[in-house]
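Me: I've got a model open and I'd like to learn how to read it. Can we go through it together, one feature at a time?

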Amino acid sequence: MKRLLPAFLLAAAPTFVAAQADTTNPARVAIYGIGDTVVGHLVLGVSTTADAKRIFERRTGLGPARDNQVTFRIGSATLRPRLVYTPPWTMHQLYFENDTLVLVVDGMPHGLPGTRAEFMRRFPEARETHRESGWYELQTPLRECMWLIAVFGTTNDAIESSGYARICVSQR
């Protein structure tokens with residue numbers, strides 16, 4: 001996930017003053033503009049590109065669709081959504097498969113614990129799923145078909161980016 005976010009976005013200090021992420025309904029993902037301004041909500045597995053365009057139409061727009069070349073390993077399944085949008089002036093990447101939102105990456109995690117230790121206290125089922133020089137990834141299931149992915153820096157164990165994915169065994 002980290003390799004998809006531009007380096008200058010990941011270098012920014014995370015903002016932790018926003019309301020906690022809604023892990024009771026993880027499919028409903030808050031979409032932020034600059035800072036902690038919520039511009040709308042999208043629902044994983046339900047929202048379409050038209051829904052995303054409506055959220056951004058009075059701001060900077062959704063931006064152009066790009067072909068996604070990355071395959072994500074989430075839990076025991078893989079996900080390779082075909083289209084990705086990076087709305088201008090946001091820290092988000094929105095991934096769509098068959099015109100349905102399946103993955104949201106946020107380069108400025110909102111409402112999540114700031115360190116690995118805090119994250120593990122809040123999500124004790126989280127497991128490390130990937131590690132490279134300078135960063136590592138933790139994943140945890142939130143409920144059936146819903147996953148939280150968090151990327152941490154190795155030097156300070158601070159969260160750098162996060163994502164919510166909808167993937168079911170039948171999507172393998």
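Reply: Some ground rules before we start. This is a predicted model, where local features need pLDDT of at least 70, side-chain atom pairs count only at pLDDT 80 or more, and totals for chains, interfaces and linings use all residues. Residues are numbered from 1 along each chain as its sequence is written, and side-chain values use heavy atoms, with hydrogens and water left out.

Me: Fine. Which residues touch the most other members of the largest nonpolar core?

Reply: General idea: in soluble globular proteins, nonpolar side chains tend to be buried together. A nonpolar core here is a set of buried Ala, Val, Leu, Ile, Met, Phe, Trp, Tyr and Cys residues joined through side-chain atoms within 4.5 Å. Buried means under 20% relative accessible area, exposed over 50%, partly exposed in between (1.4 Å probe, protein chains only). In this model the largest core has 27 residues, and Ile-31, Leu-94 and Phe-119 touch the most other members. Elements that each supply at least two of its residues include strand 1 (28-32), helix 2 (49-56) and strand 7 (92-97). Strand 11 gives the largest share, 4 residues. Helices (H or I, at least four residues) and strands (E, at least two) are DSSP runs, numbered from the N terminus.

Me: What is Leu-94 in contact with, beyond its neighbours in sequence?

Reply: Contact means heavy atoms within 4.5 Å. Skipping neighbours within four places in sequence, the partners of Leu-94 include Ile-31, Leu-42, Phe-56 and Leu-103. There's also a second, separate core of 14 residues, with Val-84, Leu-103, Trp-147 and Ile-149 among them.

Me: Now a loop residue: is Asn-68 buried or exposed?

Reply: Asn-68 sits in the loop between strand 3 (66-67) and strand 4 (72-74), yet its relative accessibility is 4%, so it counts as buried. Not counting residues up to four places away in sequence, Asn-68 touches Arg-80, Pro-81, Arg-82, Leu-83, Val-84 and Tyr-95.

Me: And where does Thr-90 lie?

Reply: Thr-90 is in the loop between strand 6 (83-85) and strand 7, and counts as buried because its relative accessibility is 11%. A polar atom of the Thr-90 side chain lies 3.2 Å from the backbone nitrogen of His-92.

Me: Last one: which cysteines does the disulfide join?

Reply: A disulfide is a pair of cysteine sulfur atoms within 2.5 Å. Here Cys-145 is joined to Cys-168, S to S 1.8 Å. The S-S torsion is about 125°, so this disulfide is right-handed. Both Cys-145 and Cys-168 are buried.

Definitions and conventions: Polar contact = N/O pair within 3.5 Å; in protein donor to acceptor, adjacent residues only side chain to side chain.
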